[in-house]
Amino acid sequence: PILKERIWGGTKLQSHLDKAISSETTGESWEISTVPDAISVVNSGFLEGKNLNELIDLYPEAILGKSVVARFGKQFPLLFKFIDAKEDLSIQLHPNDELAQKRHNSFGKTEMWYVMQADTNSRLVVGFKKAITPEVYLQHLEQKQLLDLLQEYPVQAGDVFFLETGTVHAIGAGVLIAEIQQTSDVTYRIYDWDRVDADGKGRELHTELALEAINYNVVDSKINYCLKDNERNICVKNTYFNTNVISLISKFKWTKCKESFTVLMCTQGDFCIYL
């Protein structure tokens, strides 16, 4: 795992996931990544020390699958991480593919959240309560009343949210999340609760960049799904990734698809893989 220090981070990555964190403000654990300067590395076996990009270069179809190679070449298109929000994250959004490519030479950032654990009264902020105009948005932003426009959801373990690009959002304090997203680290931060660091400086805001990227309409981001034991329960299905929630109570057979890669994330308890 690639651990990331964040001003809003905590210690749940250690207490809940046994990560070897070195501070009390560790906010993210990037589990599988090819983001520049944060590329996953094999830690054991005959490929020990090779990073994911090197492996894909050597074995593209064996790792990515035929259809993924056909679409993305030798690029790993997704990023998998765990997020521990001890404090509220900034209110933010992410640009779509077209805008991210034009401005940052990057993928956009469509993402989903699976809530692994949530403290009492914790919440997520996702989207506007009603459709608004950029002018109304800017007025509320300048008056520090942006939260009045946004939808807040109380959450508990097992809740799922799918966030399309342009959706204004924030992870609230006390929430531990498994996140799947496009390979991108492009974030437009629009409000950060007036926080400052040890030197009295606030983090950079991206007011102008965000204006063209925001979806000002109402979005329905919370996902309802069935949960049957020992079955692949379809959860989120979109052009970038398909996810299933599996509640294991006994052995479960999984046949690998040669068209795409499969990633298993353990969000509660533990499991063993038999090949």
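Two strands are taken to pair if DSSP finds at least two bridges between them. Helices (H or I, at least four residues) and strands (E, at least two) are DSSP runs, numbered from the N terminus. The model is a predicted one, in which local features need pLDDT of at least 70 and side-chain atom pairs count only at pLDDT 80 or more, while totals for chains, interfaces and linings use all residues. Residue numbers start from 1 along each chain as its sequence is written, and side-chain values rest on heavy atoms, with hydrogens and water left out.

With that settled, E15 and E16 pair in the antiparallel sense over four bridges. A hairpin of four residues takes the chain from E15 to E16, and Ile234 sits opposite Asn244 in E16. E16 has two faces: Thr243 and Val245 lie on the covered one, Asn242 and Asn244 on the uncovered one. In a regular strand the side chains alternate between the two faces of the sheet.

Then there is an open sheet of seven strands, in the order E1-E2-E5-E12-E7-E10-E14, with antiparallel pairing. Strand E1 (2-10) and strand E14 (222-223) are the edges; each has a single partner strand, so one side of each goes without a neighbour in the sheet. Further in, E7 and E12 run antiparallel and are joined by seven bridges, with Glu179 in E12 as the bridge partner of Trp113.

What about the nonpolar interior? A nonpolar core here is a set of buried Ala, Val, Leu, Ile, Met, Phe, Trp, Tyr and Cys residues joined through side-chain atoms within 4.5 Å; buried means under 20% relative accessible area, exposed over 50%, and partly exposed in between (1.4 Å probe, protein chains only). The largest such core has 26 residues, and Phe76 and Met112 have the most contacts inside it. Elements giving two or more residues to this core include helix H2 (52-58), helix H4 (66-72), strand E5 (78-85) and strand E15 (233-237). Another core, of 21 residues, lies apart from it, with Phe128, Tyr191, Ala213 and Ile214 among its members. Leaving aside residues up to four places away in sequence, Met112 touches (heavy atoms within 4.5 Å) a set of residues including Val160, Phe162, Ile180, Val236 and Thr243.

Charged pairs come next. Counting a side-chain nitrogen of Lys or Arg within 4 Å of a carboxyl oxygen of Asp or Glu as a salt bridge, the structure holds twelve. In one of them, the side chains of Lys12 and Asp119 meet at 3.1 Å, N to O. This pair links distant parts of the chain, 107 residues apart: Lys12 is in helix H1 (residues 12-15), Asp119 in the loop between E7 and strand E8 (123-128). Lys12 is buried, at 13% relative accessible area, whereas Asp119 counts as partly exposed at 33%.

Lys81 and Glu179 form another salt bridge, with their closest N and O atoms 3.7 Å apart. Here strand E5 holds Lys81 and strand E12 holds Glu179, 98 residues apart, and both residues are buried. The pair also belongs to a salt-bridge network with Arg6 and Glu28. Arg123 and Asp88 meet at 2.8 Å, N to O, in a salt bridge as well, and Arg123 is buried, with a relative accessible area of 18%.
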